[in-house]
Amino acid sequence: MNELEFRRRLFADPNDKDVAQEAANNAEQNALLEELKAFDAQLAKALDVEVPAGLAERILANQQADNSHNNVVKKSWFRRYRTPFATAASATFALGLYFLSATQAPLLAGDHALAHVRHEQVAFEGKDEIALQTVNDKLSLFGARLEALPGKVTYATFCNFKGQKSLHLVFQSEHGPMTVFIVPLSGKNSLGGDGQFADERYNGVIEQDNHGATVLVANLGSPVVQYQKNVSNALRWL
Amino acid sequence: MTTKQKRYEALVQVYHGELYRFAYWLCQDPNIAEDLVQETFLRAWRSLDSLQDENAAKPWLLTILRRENARRFERKQFDYADVDNDTLVDNTGVSLDDEMEQAVIQRQINKLSVEYREPLLLQVVMGCSGDEIADILELNKNTVMTRLYRARNQLKEALTERQEPLKGAQN
């Protein structure tokens, strides 16, 4: 190993065994070897930055989150299609209503509510309870909130109500499931048609003020006015 | 706990510190370094089954990290290396002179071009051999050894030049 090669190999790797052997018989080379080793120790110290506290824990938590995220998807095969079908049904329904309202004389809000309930039967299939917080998260988009729920809510979805974005709720009562539409209104667009309405299966009531309308629909013969009052008393517009 | 989970936790415990330091000096930013390490381990978890031999874990993790780092440049065209990055690390309990000296060395390391800095980091921080570095960087070993030589040579020269002003005025 000539001088140049010794230097090249030493600088490339101060821990090279061949280099150490070569330097053993040469004081000058040995001094350079020691110098480079000391230099590397300095380098290692300078590179040894502190690792952020709790990094390993954060990495593991991240992986756990990734894991549970992937596990949630494990639903039985038919359940996986429920959401897309419900969405598709809702979209078809909205489209149908649009053509209906575009081609015919303006539909009364009560008829609209009845049609909506009749068409969106999927709304009654929910069994899981939806928390007040979840309902309020949705309502917050309209600048509204409910102080309390009128009963066990099993459905809460945004719907188009006469061209107005609204929240479609279903809650369970002594008289069976009841449907509530909370429709935000800005002064100029009113739903038209106030008071009670009914068909051969359902009856309902609409009440509106400057902020919005609450429409309640329930099985024929249910005390809708009383329940409607419960809802509108709990409703706050911000 | 599953065997896979145990394997993974062992990898995290053994390598997260070294990988963080490597990433820190590679991208010269503590926040990006942490993101890189997080992303690397997440990808490692998702494809842990492809790691057959535990001894190959270090080069495997490094390859993932380097790929993630390269993606960062595809996404963003900022040149982080241009940022004046005088990284002063908190070395508590170190005397002022040592601290000063370390800061000077750190600044010089940051000034090395990435083609010299990277093999040096792999060798000093990650403890990789010349052959391992060649594999990770997909270079032949001679090229790697030449770059390592030049990296140390440049550092030593730069630090020798700096010696005088560091000592202050001499009467």
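**Where the chains meet**

Reply: Happy to! This is a predicted model, and in it 31 residues of chain B are in contact with 25 residues of chain A.

Me: Which helices of chain B supply at least two residues each to the side that touches chain A?

Reply: Those are H1, H2, helix H4 (96-111) and helix H7 (141-167) of chain B. H1(B) gives the most, with 10 residues.

Me: How do the residues on that side of chain B divide by class?

Reply: They divide into 17 nonpolar, 8 polar and 6 charged.

Me: At what angle do H1 and H2 of chain B pack?

Reply: For two packed helices, look at the angle, the distance and the handedness. Helix H1 (residues 3-27) and helix H2 (residues 30-46) of chain B pack at about 145°, their axes being 8 Å apart. The crossing of H1(B) past H2(B) is right-handed.

Me: Which residues meet there?

Reply: Among them are B:Tyr8, B:Leu11 and B:His16 in H1(B), and B:Ile32, B:Glu34 and B:Phe41 in H2(B). By class, this contact has 16 nonpolar, 2 polar and 1 charged residues.

Me: And how many helices and strands does chain A have?

Reply: Chain A has 9 helices and 8 strands. Of its 238 residues, 26% are buried.

Definitions and conventions
Residues are numbered from 1 along each chain as its sequence is written. Chains are lettered from A and ligands numbered from 1 in the order in which they are written. This is a predicted model: local features need pLDDT of at least 70, side-chain atom pairs count only at pLDDT 80 or more; totals for chains, interfaces and linings use all residues. Axes are lines fitted to C-alpha atoms, for helices over the stretch in contact, and angles run from 0 to 180 degrees between N-to-C directions. Helices (H or I, at least four residues) and strands (E, at least two) are DSSP runs, numbered from the N terminus. A crossing is left-handed if the near helix is turned anticlockwise from the far one by less than a right angle, and right-handed if clockwise. Two residues are in contact if their C-beta atoms, placed from the backbone, lie within 7 Å. Ala, Val, Leu, Ile, Met, Phe, Trp, Tyr, Cys and Pro count as nonpolar, Asp, Glu, Lys and Arg as charged, and the others, Gly among them, as polar. A residue is buried if 20 or more other C-beta atoms lie within 10 Å of its own, exposed if 12 or fewer, and partly exposed in between; C-beta atoms are placed from the backbone.
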